[in-house]
Amino acid sequence: MTNSSNKYILLVITAALISACSVTKKYERPTTLKTDQLYRDQSSSDSTTIADMPWNTVFKDEKLNALIQKGLDQNLNLKNAIENIVQARASLRQTKLAYYPTLQLDASATHNKQSQAGLNFPAGININTLTTTYKLGASTSWEIDVWGKLSSSKRAALATYLATDAAKQAVQTQLIADIANNYFMLLAYDKSLKITEETLKSRIENVETIKALKEGAIVTGAAVVQSEANQHAAEVLIPDLKQNIRETENALNILLGQAPGPIDRGELGTQVIPEKIEIGLPAQLLNNRPDVRQAEFNFRVAFESTNLAKTYFYPSLTLTASTGFSNLELNDFFSHSIFYSIIGGLTQPIFNQGLNKMRLTTAQSQQLQAYNNFQQSLLVAGQEVSNALYSYQMAVEKEESRTKQIAALEKAVDFTQQLLEYSSATNYTDVLTSEQNLLSAQLSGVNDNLQKLQAVINLYRALGGGWK
């Protein structure tokens, strides 16, 4: 290269380094994000949150914790999420290497033969037109990151990697919640089945009692038929409960990454939840919720893609060099056969059919979409926290009333049965009604307990717990 071209390239590089900061921008979290009042009817200045608790301290049931650990080890969706991280890490590693020049090694032997047609040589002269050229060389190419093109690509790859890591964490938190929810649902079905079987046993005994009362002319045949119908009403609940138990066990096994089978479990009445439910501040969702963090990393990818699109409007500077040996003979291949070249190339886009404008417009639009998704993820997170917290509060609110209702109905059943057996002050319809109401209240009490447990699980996941 001439001195004038060297000066020109140096001038371009200097000007580029001065103005490069105006081509690409540094990422900053948008200040327009709305994090206030994400939790409906909740205001707190305390940053303490159950999301910071490890999952094995939130749940006290050792059998549940063993299932969760097995799920974390074997769940296939979680394994796929981990493989996504492996792929993103490989891509990130490749973008880091883009800063370095490429290097290629070339070795060749070329045979050339020229045609003798049309050549007029004196008689007796033998012209050898077959030649062999041996060549061994190396070449390198390096694109100087003048406008931040490679830097933006690297930052985009890093954000993609972090997004896949956050996605894996989101899968993990959901997996923990799904295992716990299904486990407690299974315990609730067990409890409902136990209550129903005990009720059925009592109603079978009632049928015999009513038959005896009929023989004593205390009740009519209608009462006997009603008592039998009451017995069958309890019987018909049992197959459905058993089916629910079997299907919930199978669903749990899928989460555990194993074939269907029985699940070792405890009892609903022994479950313990954290004494104090703390939700922290809405802004903490930005760091605690994996899906919100994933949405922000996706926004950062779109942000860097816009940066990258801007760099295509500016010239690219590439340096290439090659060196090696070339000779017609192998015996003196390394003697007087060295060659080399150094080339500096400057490419300035002038007209490319609107490709650069299209690329920038598309990137800016995708960046706006990514921002909207980011904000949407926050709103959804706030909704989930609000719903789970309210569900927990309503379950707690029902506890005392449900306990009193069941106690009153148990007394009502005893009183009506005694009145029926020892006097004519009542009829079997009263007994039937009180028994049906008691069973319904007992099953509703089981559902209330399940609602409370699942509300805590869902609140824990909604706040971003389970991945730390």
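**Overall make-up**

Of the 468 residues in the protein chain, 39% count as buried, where buried means under 20% relative accessible area, exposed means over 50%, and partly exposed lies in between (1.4 Å probe, protein chains only). This is a predicted model, in which local features need pLDDT of at least 70 and side-chain atom pairs count only at pLDDT 80 or more, while totals for chains, interfaces and linings use all residues. Residues are numbered from 1 along each chain as its sequence is written, and side-chain values use heavy atoms, with hydrogens and water left out.

The protein chain has eleven helices and four strands; these are DSSP runs, numbered from the N terminus, with helices (H or I) of at least four residues and strands (E) of at least two. Contact means heavy atoms within 4.5 Å. Among contacts between residues at least 6 apart in sequence, 84% join residues at least 24 apart. The accessible surface of the protein chain comes to about 27100 Å², and 54% of that belongs to carbon and sulfur atoms. Such areas come from the Shrake-Rupley method with a 1.4 Å probe, and for residues only the protein chains shown count as cover.

**The nonpolar cores**

A nonpolar core is a set of buried Ala, Val, Leu, Ile, Met, Phe, Trp, Tyr and Cys residues joined through side-chain atoms within 4.5 Å. The largest one has 67 residues, of which Phe59, Leu64, Ile68, Ile179, Phe184, Leu459 and Leu463 touch the most other members. The elements that give two or more residues to this core include helix 3 (62–74), helix 5 (149–215), helix 10 (355–422) and helix 11 (428–462). Helix 5 supplies the largest share, 13 residues.

Apart from neighbours within four places in sequence, Leu459 is in contact with Ile50, Ile277, Ile279, Val385, Ala388 and Leu389. Another core, of nine residues, lies apart from the largest one, and among its members are Val219, Ala223, Val224 and Leu432.

**One side of helix 6**

Two of those residues, Ala223 and Val224, are also among the buried residues of helix 6, together with Ser227, Asn230, Gln231 and Ala234. Helix 6 itself (residues 221–235) has 15 residues and reaches 21 Å from its first C-alpha to its last, close to the 21 Å expected at 1.5 Å a residue. The expected span is 1.5 Å times one less than the number of residues.

**Salt bridges**

The structure holds 15 salt bridges, each a side-chain nitrogen of Lys or Arg within 4 Å of a carboxyl oxygen of Asp or Glu. Glu384 forms one with Arg289, with the closest N and O atoms 2.8 Å apart. Because Glu384 lies in helix 10 and Arg289 in the loop between helix 8 and helix 9, the pair ties together parts that are 95 residues apart in sequence. Arg289 is buried, at 1% relative accessible area, whereas Glu384 is partly exposed, at 25%.

Glu384 also forms a salt bridge with Arg461, where the closest N and O atoms are 2.6 Å apart. Arg461 lies in helix 11 and Glu384 in helix 10, so this pair ties together parts that are 77 residues apart in sequence. Arg461 is buried, with a relative accessible area of 14%. Arg289, Asp291, Glu384 and Arg461 are linked in a network of salt bridges.

Pro282 is found in the loop between helix 7 and helix 8 and counts as buried at 17% relative accessibility. Leaving aside neighbours within four places in sequence, Pro282 is in contact with Thr35, Leu38 and Tyr39. Pro282 and Leu463 are 181 residues apart in sequence but 8.8 Å apart in space, C-alpha to C-alpha.

Glu296, in helix 9, is buried, with a relative accessible area of 8%. Not counting residues up to four places away in sequence, Glu296 touches Tyr27, Arg29 and Phe374.
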